[in-house]
Amino acid sequence: MIEQIILGIVQGIAEWLPVSSEGMIVMVETLLFGKSDLQGMIENALFLHLGSALAAAVYFRKDIVQLFKSLSPRAGSPSQELPLFKFLIGTTLISGSLGFFLLKYMTQTVSEHPSNVRLILLALSFCLIITALLQLKAKHSGDRSSSQITMRDTLILGLVQAFATLPGLSRSGLTVSFLLFQNFRTEEAVRISFLMSIPIVLAGNIVLSISSYVFHWESLLGLLFSFLMSLVMIDTLIKLAKRINFAKFIFIMALLVGLSALLPL
């Protein structure tokens, strides 16, 4: 019970920070609970993502309603939200297709050639450094909004989100960074990134884990804590979007994860 509560809290916090929630869950399960089954840890992380996706759906419920209304705009009045709706569909298809093969390849490689825990932690540290460098280089003074999204944006962000399926690479950190690279306003980049999480998490669970996941009340407790903590984090980060640069924080996390690989396990 305690394990699922802790993992739910970790998921609810890490999902919205530019650190990998999957990576953090793998690290916590490895160091705190002595787990070594990478595929099982990732499946658990994907399940806990449902709590975050539900929280995002609740928080952005008005935006979601507007997105569906954009499918039937008034005559002579094209909806401003239609480009965003197409973008979310497109990025989900691209990310889901590529991400599925990336995740399967990674888990198969690890299962056939088991690496020790230290190598996993060092890999997580390296991936966190990549995310931090991207965050440092990202622009913070764009002027584009969701109504100006193009097919080029869809292709780029779909590919970027796909690589975030690898533990250690942050989905929110990567997508927000690349949206800033594309000159979107900071608050718009955060909002778009958070909206992107909903369909890809739902699709990922349907395809990868729901069919094989064994439900029990402890896992549902973890889901509840993931949902509640995510609501708090989304609201906080949306309000602080203009003032936050997480690059230094990510570098500290990368250092801590790297150092943890040197500890006796």
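Predicted model: local features only at pLDDT ≥ 70, side-chain atom pairs only at ≥ 80, totals over all residues.

User: How many residues does the largest nonpolar core have, and which have the most contacts inside it?

Analyst: The largest nonpolar core has 40 residues, and Leu84, Phe87 and Ile192 have the most contacts inside it. The elements that give two or more residues to this core are helices H1, H2, H3, H5, H8, H9 and H10.

User: Which helix gives the most to this core?

Analyst: Helix H9 gives the most, with seven residues.

User: What is isoleucine 192 in contact with, leaving aside its neighbours within four places in sequence?

Analyst: Ile192 is in contact with Leu84, Phe87, Ser146, Ile149, Leu179 and Phe184.

User: Now the surface. Which residues form the nonpolar patch there?

Analyst: The patch is formed by Ile129, Leu133, Leu136 and Phe251, which together have about 320 Å² of accessible area. Helix H6, residues 117-137, supplies the largest share, three residues. Phe251 is found in helix H11, residues 247-260.

User: Why does phenylalanine 251 count as partly exposed?

Analyst: Phe251 counts as partly exposed because its relative accessibility is 30%, and that class lies between the limits of 20% and 50%.

User: Back to H1. Which of its residues are buried?

Analyst: In H1, the buried residues are Gln4, Ile5, Leu7, Gly8, Val10, Gln11, Gly12 and Ala14.

User: What span should H1 have, and how far apart are its end C-alpha atoms?

Analyst: At 1.5 Å a residue, the 13 residues of H1 should span 18 Å, and its end C-alpha atoms are 18 Å apart, which agrees.

Conventions:
Residues numbered from 1 in each chain as written. Heavy atoms only, no water. Core = buried A, V, L, I, M, F, W, Y, C linked by side-chain atoms within 4.5 Å. Buried < 20%, exposed > 50% of the residue type's maximum accessible area, 1.4 Å probe, protein only. Helix = DSSP H or I, 4+ residues; strand = E, 2+ residues; numbered from the N terminus. Contact = heavy atoms within 4.5 Å. Patch = residues over 30% accessible without salt bridge, like charges linked within 9 Å, V, L, I, M, F, W, Y side chains within 5 Å. Areas by Shrake-Rupley, 256 points an atom, 1.4 Å probe, with all protein chains shown as cover. Salt bridge = Lys/Arg side-chain N within 4 Å of Asp/Glu carboxyl O. Expected span 1.5 Å × (residues − 1).
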